Amino acid sequence: MASEKVDEKALKRAPSLDDEKLSHEYDDPNGIVEGSEGVTHHELATLRLVPDSMPYTSWLVVFVEFAERWSYYGTANIYNNYIRAPLPRFSTTGAVAAQDRATGVAGALGRGQQTSFSLRTFNSFFVYVTPILGGIIADTLWGRYKTIMVFSLVCLAGHIILVGSATPSSLANNGLALGLLALSILVIGVGAGCIKANVSPMIAEQYTGKLRKKTLSSGETVIISPDVTIQSLYLWFYAAINFGSSGAISASFMARDHGYWVAYLVPTLIFVLVPGVLLIGRKYYVVTPPRGSILLETFRVIGMSLAPAWSINPVQTIRNMRKDDFWDPAKPSSYAADKLPAKITWDEEFVGEVMRTVNACGVFLFFPFFWLCYSQIDGNLGTTAAGMTLNGTPNDLIVNLNPISIIILIPIFDKIIYPFLRRRGIDFTPIKRIYAGFLVAGLAMLYASVLQSFINKRSPCHDGEPSACMNPDETQNPADINVWVVSGPYILVGIAEIFASITSLEYAFTKAPKRMKGVVMSFAQLQTAIASAINFALTAVNTEPKFVWLYGSFAVVAWIVGTIFFFVFRSLDRREHELNAIGKGKRKGFAGESAEATTAVITAAGERREEAPAVATNEKSS
């Protein structure tokens, strides 16, 4: 990565964004940071942090996610019109006749907005529930590589079923087409979900560097930070996701011009590349071997810590859980060697990892309220756009402004905004970034609410359903507001995702135990499913006449919940570097296996890689 110029006025880190200096209470500021290559606590607190370069195997995994997301969004993005709108006149495939394309909307099943909303919400719910299955299988049985490979074949089968549901012969039997669509949603949901739980941690596992010093050609000494590297890596991983989803732009045009079976076939052909890329890099991927008892051991750590803290008085229980020694009953060091309980099969570091994971899961529990805002761009805003003047633009094309804005903004954040903050000594830590995401998501919903109010007033029908306003010849009669005005919420939600969604991936990876990253990542993703369930419970108000109040309510909820989130977890921000150091030093490992099984770097082919010795380095950049 290109070196960043230092601001001489910020040799010591400036106050964080909440106006409090990040401080770590160390007995010896010259002591070595655990797991680092000779970096002292004082150096970590004062020197500038910069990212490392990323290994090429990370880019192979990035391509897998790119292809998988193209196939997913290339189908899901056009579900709304496919389910909601009827076949256009003269059509057997859902395509719009050439003479009607300026105002026409593609469609197929004609089941209406609420059925469309229900199926799309179930799809979002299901595809974010199944990562739990994928995480458990990978962490306890197969490992991440095999799990991704097997479920990529499952996902491919689901896409083939989806293509079959949209053929003219299927659409001639509306009930058959709907049934095949539902089956494909289930099969794709299992495949995509199990892939999703494991691709995110696998991409970061490819980076195995340690915290170390480096002297730049300018003479400045900086810290090569794994945390900053992982942050940058997930930014580009998220860019790949959105490259894939923006590649699905063609789906809207193909559905409008050639019909839905063609629109679904292209993403299917793209997905065929996934197993091939996985095989190409098989000998080189860094993998974490599964441990069948890892979940049981995690629950045992939590149970042993809770037992002495439990009280009939719930207030006292909470107070006990907040004590510094809460986790001590689960630590091997709390017992004499001859009195160590047989069920303690872990080392001291694992208890710290579980503590860190429990805190992270608390952070994730706030995310359903963020994803409620995101869910509106996945369908309801498409309906909002359908009531506006299209001028030949498919209404479900506008959703692609979200990934396009993310693709444009990620390099700006990674190369300009975040480095500028680091040069100024501002530690824009995860909790602050997530809070910023909540604030921007609320702003997006406020924009949508105001816009919907104007559309309702300008619609010729004045019935609160601008998308259903038709001329006598059954062509669209839209409000005289250009459809591109709806771009605001899509772009703002994209910015919110950079702050919150990307950070949640980073947080899940850095806070999870090495042998349990799939499960923790899937728990973070489960919050999207919870948001879908909440949204499903709101089906009665997910109707066009109520969009103004729906969007406005989500804005207020995002701001209130985000502010509560920040004040609850701001203390974790001040311990960010300390928490990330847990498990990075020497370890005894788990009972019945060597310490190397926990700390070694192993490839998918079973080869073990050597790591650099933990000594200080003093490198000159070329």
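What follows is a set of stops, each with something to select.

**Before you start**

This is a predicted model, in which local features need pLDDT of at least 70 and side-chain atom pairs count only at pLDDT 80 or more, while totals for chains, interfaces and linings use all residues. Residues are numbered from 1 along each chain as its sequence is written, and side-chain values use heavy atoms, with hydrogens and water left out.

**Stop 1: the whole chain**

Show everything as cartoon: the protein has 25 helices and eight strands. Helices (H or I, at least four residues) and strands (E, at least two) are DSSP runs, numbered from the N terminus. Of the 622 residues, 60% count as buried, where buried means under 20% relative accessible area, exposed means over 50%, and partly exposed is in between (1.4 Å probe, protein chains only). Take the contacts (heavy atoms within 4.5 Å) with a sequence separation of 6 or more: residues 24 or more positions apart account for 82% of them.

**Stop 2: the largest cavity**

Select Tyr73, Tyr128, Trp371, Tyr374 and Thr528. Of the 43 residues that line the largest cavity, these are the closest to its centre. Its volume is about 650 Å³, and the search of the whole structure finds six cavities of 30 Å³ or more. A cavity here is a set of points, on a 1 Å grid over the protein atoms alone, where a 1.4 Å probe fits but cannot get out; lining residues have an atom within 4 Å of a point. Grid points are joined across faces, edges and corners, and a volume is the space filled by probe spheres set on the points.

Now colour the helices around the cavity. Those that give two or more residues to its lining include helix 2 (56-76), helix 8 (174-205), helix 16 (367-375) and helix 22 (517-537).

**Stop 3: the nonpolar cores**

Pick Tyr82, Tyr234 and Val363. Of the 159 residues in the largest nonpolar core, these three touch the most other members. Helix 19 (residues 430-458) gives the most to this core, with twelve residues. Another core lies apart from it, with eight residues, among them Leu47, Leu49, Leu211 and Ile223. A core is a set of buried Ala, Val, Leu, Ile, Met, Phe, Trp, Tyr and Cys residues joined through side-chain atoms within 4.5 Å.

Zoom in on Tyr82. Beyond its neighbours within four places in sequence, its contacts include Gly107, Ser165, Leu181, Tyr260 and Tyr264.

**Stop 4: the cysteines**

The torsion about the S-S bond is about 80°, so the disulfide is right-handed. Which of its ends is buried? Cys469 is, at 1% relative accessibility, whereas Cys461 is partly exposed at 33%.

Next, select Cys155 and Cys194. The sulfur of Cys194 is 9.9 Å from its closest cysteine sulfur, in Cys155, too far for a bond. Cys155 is buried, with a relative accessible area of 1%, and Cys194 is buried at 0%.

**Stop 5: Ala197**

Stay on helix 8 and select Ala197. This residue is buried, with a relative accessible area of 0%. Residues it touches, not counting those up to four places away in sequence, include Pro131, Gly134, Met521 and Gln525.

**Stop 6: Phe350**

Move to helix 15 (residues 348-364), where you'll find Phe350, buried at 1% relative accessible area. Its contacts beyond four places in sequence include Ile294, Val301, Pro513 and Arg587. Phe350 and Arg587 are 237 residues apart along the chain, yet their C-alpha atoms are separated by 9.1 Å.

**Stop 7: two backbone spots**

Helix 10 (residues 249-258) has Ala251, Ser252, Met254, Ala255 and Arg256 as its buried residues, and they pack against helix 2 and helix 11 (260-271). Just after helix 10, Gly259 takes a positive phi of about 105°.

Finish at Phe90, in the loop between helix 3 (79-84) and helix 4. Most residues other than glycine have a negative phi. Phe90 has a positive phi of about 70° although it is not a glycine, and it is exposed, with a relative accessible area of 67%.

Notes:
On a 1 Å grid over the protein atoms alone, a cavity is a set of points where a 1.4 Å probe fits but cannot get out, and a pocket is an open set with protein on both sides within 12 Å along at least five of seven lines; lining residues have an atom within 4 Å of a point. A disulfide is a pair of cysteine sulfur atoms within 2.5 Å.
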